Amino acid sequence: MPRLNRISHPAPTHPEKILQFGTGVLLRGLPDYLVQKANEAGQFNGSIVVVKSTGSQTDEFTGQDNLYTVAVRGVQQGQNVAETTVISAISRVLAAPTQWDEVLRLARNPALQIIISNTTEVGLNYVEESIFQRPPESFPAKLTAFLYERFRSVGGSKAKGLVVIPTELVTDNGLKLREAVEKLATFNELGKLFTKWLKFHVRFCNSLVDRIVTRPTDEARQALEAETGYEDELLTFTEPYHLWAIEGDDRVRQMLSFASDATPQIIIDEDINFYKERKLRVLNGTHTLTMPLGYLLGLETVADEMQHADMSRFVESLMLDEIVPTVPNYGTPGMDKAAIRQFALDVLDRFRNPYLDHLLLNISLQETAKMQARNVATLQRYYDQFNAVPKHMALGFAAYLLFMKAVREEEGQFIGEVTASGGVISYPIRDEKAAYFYGDWQTVDVKEASTVHTFVKSVLSDVTIWQADLSTLPGFVDAVAENLNQLLNEGAEATLRQHMAA
C-alpha cells in the first residue's frame with residue numbers, strides 16, 4: 001500500500017504565515033485542522049512551518065510530503081459524524097537541534113503573522129539561559145531568540161509585530177509565556193528598544209483548546225487505511241466537537257483571518273474566562289471525580305465508563321446535578337445557564353464516543369493536583385448554594401482516596417492494585433503526593449471504620465493540599481468515610497450499585 005504523498009494527493013501551496021512550536025496530535029487535530037479548513041474556504045491562504053524542539057528526525061513528516069490525515073468520528077447532537085480530511089497546511093517541519101539557522105531565517109519573513117505553541121505544561125516555565133545558544137534549551141528561550149531576530153530584521157516595525165498563542169493547558173498561558181520572555185530579555189540584555197517592541201507590537205494571547213485528539217488503535221488504523229488506500233504514519237483521530245477560545249481584540253481578530261463567522265468553533269474575545277471555567281469544572285472536573293471509580297471497577301477507557309450502566313448514570317448525575325449548577329454564568333446568550341447545560345450534554349456525547357481510546361490511567365496523571373484545581377471550588381460552591389453534602393462528589397472523592405492507596409514501592413514508583421474480573425491489576429500512581437498517601441494509608445485498618453474516618457479527616461483537613469480545610473464542610477468527612485469504608489469492604493461494583501439505587 002503506498003504512503004500518503006503530494007503526488008497522489010496534490011495540494012496548493014500558500015505563503016508561510018504561521019510558526020508552530022510542537023508536532024503533537026492536539027496541534028494537528030485542532031489549530032492545523034482549522035487552518036486547513038480556512039484555506040479550503042479561501043479565508044486564510046497561509047501555511048504553517050512547524051518546529052520540532054526535541055530530536056533531529058522529521059522523517060514521519062517529510063516521508064509523506066508533510067501531509068497527514070485527520071479522521072473525525074463520533075456523535076454530535078444525536079447525529080453520527082464521519083469525516084476524513086487530508087491536511088496540507090504544513091509546508092515544512094524543521095528540527096531545532098540541527099536546523100536552528102533555518103528557524104531564525106523564518107523570522108525575517110514579512111508574511112509571518114502568528115506563532116502557536118503546545119509544549120508540555122512545564123514548557124512555559126522560565127529558565128535562566130542564554131538565547132544565543134544554537135538552539136536555546138527551553139521553549140521560552142527559543143521564542144525569545146526568534147522574536148529578537150524578528151525585531152532586528154524589521155527594525156522595530158509595528159506592522160511586523162506578531163500574535164503569539166500558546167495552547168498549553170495552563171491558566172493564563174499567554175501571560176505566563178510573556179513573563180518568561182520578558183525575563184529572558186532582561187537576563188540577556190536585549191535592550192530597551194526590543195523590550196518596547198515586545199510590549200507594544202507582540203501580542204501574547206491567553207487561549208483555551210478543547211478537543212480530544214488521539215492516535216488510532218492498530219485496528220482503527222488498519223480499517224481507515226483500507227478505506228483510504230494509503231498508509232499514513234501521522235494518522236490522527238479526533239472527535240466532532242472542537243473549540244478554540246482566544247483572548248484578543250480587533251487587531252488579533254484581523255491577524256487571525258482563519259477565524260470568521262463561518263467558524264463559530266473559534267472564539268476571539270477580550271475575556272475567555274467563561275469558557276475556561278466551564279471546561280475546567282464540567283469536563284475536566286468530571287474526569288477527575290469519575291476516573292478513580294471507573295478504574296476500580298476494572299474499566300480502561302472513558303467510553304467503557306459510559307457503557308457501564310451504573311457508572312454511566314453516576315457520571316451523568318454528578319455532572320448535571322452537582323457540577324453544572326455551580327458553574328458561574330454571565331447571564332448573556334451563549335454565556336448563561338442554558339449554554340453551560342448544553343456544553344455538559346455535548347461533553348456526555350463526547351465521553352460516549354467509542355472511536356476515541358481515552359485511557360483512564362492517562363487521566364490519572366497528577367490526580368491530586370487536578371482534584372484541587374478542578375473540584376475544590378465546585379465543592380465549596382455546592383455547599384454555598386445547597387447547604388448539603390453532594391453525594392456523588394463524596395463517592396468520587398472516596399474512590400480517589402482508594403485509588404491513591406499504594407501497596408508497595410518499587411524503585412521510587414508507588415504501585416496500586418485493583419481486583420477486577422477475577423484478577424489483580426497493578427497500576428502506577430503517578431502523583432507527586434503518592435508518598436504522602438503511602439504513609440497515611442499505613443495508619444488505616446480496613447476492618448476498623450474509626451481508622452478510616454480518622455484517615456479521611458486528616459486528608460480533608462490538609463490545607464497544604466487543598467488550599468482549604470475541607471473537613472469543615474458539614475457532613476463531608478462522614479460521607480466520604482462511609483463511602484470509602486464500603487469500597488474497602490464490599491468493592492466498587494456493589495458500592496456503586498447501592499449508591500445509584502439510593
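The structure is a predicted model, in which local features need pLDDT of at least 70 and side-chain atom pairs count only at pLDDT 80 or more, while totals for chains, interfaces and linings use all residues. Residues are numbered from 1 along each chain as its sequence is written, and side-chain values use heavy atoms, with hydrogens and water left out. The structure holds 24 salt bridges (a side-chain nitrogen of Lys or Arg within 4 Å of a carboxyl oxygen of Asp or Glu). A search of the whole structure also finds 24 aromatic pairs. Such a pair is formed by rings of Phe, Tyr and Trp (its six-membered ring) whose centres lie within 6.5 Å, with planes under 30 degrees apart counted as stacked, over 60 as edge-to-face and the rest as tilted. Helices (H or I, at least four residues) and strands (E, at least two) are DSSP runs, numbered from the N terminus. Buried means under 20% relative accessible area, exposed over 50%, and partly exposed in between, with a 1.4 Å probe and protein chains only.

**Aromatic pairs**

- The ring centres of Tyr148 and Phe194 are 5.3 Å apart and the planes stand at 90°, so this pair is edge-to-face.
- Because Tyr148 lies in helix H5 (residues 139-154) and Phe194 in helix H7 (residues 192-201), the pair ties together parts that are 46 residues apart in sequence.
- Both partners are buried, Tyr148 with a relative accessible area of 18% and Phe194 at 0%.
- Tyr400 and Phe437 form another edge-to-face pair, with 5.8 Å from centre to centre and 85° between the planes.
- Tyr400 belongs to helix H16 (residues 391-403) and Phe437 to helix H17 (residues 434-441), so this pair joins parts that are 37 residues apart in sequence.
- Tyr400 is buried, with a relative accessible area of 0%, and Phe437 is likewise buried, its value being 0%.
- Tyr400 and Phe437 also belong to a cluster, linked by ring pairs, that includes Phe397, Tyr436, Trp466 and Phe476.

**Charges over rings**

- Lys17 lies over the face of Phe44, at 4.9 Å from the ring centre, where a charge sits over a ring if NZ of Lys or CZ of Arg is within 6 Å of the ring centre and within 35 degrees of the ring normal.
- The charged end of Arg211 sits over the ring of Tyr33, 4.6 Å from its centre.

**Salt bridges**

- Glu16 and Arg92 meet through their side chains in a salt bridge of 2.8 Å, N to O.
- This pair links distant parts of the chain, with Glu16 in strand S1 (residues 16-21) and Arg92 in strand S5 (residues 90-95), 76 residues apart.
- Glu16 is buried, at a relative accessible area of 17%, whereas Arg92 is partly exposed, at 26%.
- Glu16, Arg92 and Glu102 are linked in a network of salt bridges.
- Asp101 and Arg134 form a salt bridge of 2.5 Å, N to O.
- This bridge connects distant parts of the chain, since Asp101 is in helix H4 (residues 96-106) and Arg134 in the loop between strand S6 (114-117) and H5, 33 residues apart.
- Asp101 counts as partly exposed at 41% relative accessibility, while Arg134 counts as exposed at 55%.
- In the salt bridge of Glu316 with Arg352, the closest N and O atoms are 2.8 Å apart.
- The pair joins distant parts of the chain, with Glu316 in helix H12 and Arg352 in the loop between H13 and helix H14 (360-363), 36 residues apart.
- Glu316 is partly exposed at 26% relative accessibility, and Arg352 is partly exposed at 34%.

**Helix H13**

- Helix H13 (residues 337-351) has 15 residues and reaches 21 Å from its first C-alpha to its last, close to the 21 Å expected at 1.5 Å a residue, the expected span being 1.5 Å times one less than the number of residues.
- Its buried residues include Ala339, Ile340, Phe343, Asp346, Asp349 and Arg350.
- The buried residues of H13 pack against strand S3 (68-76), strand S9 (207-210), helix H10 (273-296), helix H11 (302-307) and helix H12 (309-323).

**Asp32**

- Asp32 has its place in helix H2 (residues 31-40).
- Asp32 is buried yet has no salt bridge, and the nearest side chain of opposite charge, Arg28, is 6.6 Å away; here Lys and Arg count as positive and Asp and Glu as negative, while His and the chain ends are not counted.
- Leaving aside neighbours within four places in sequence, Asp32 is in contact (heavy atoms within 4.5 Å) with Gln20, Leu27, Ile48, Tyr68, Ile87, Ala89 and Ile90.
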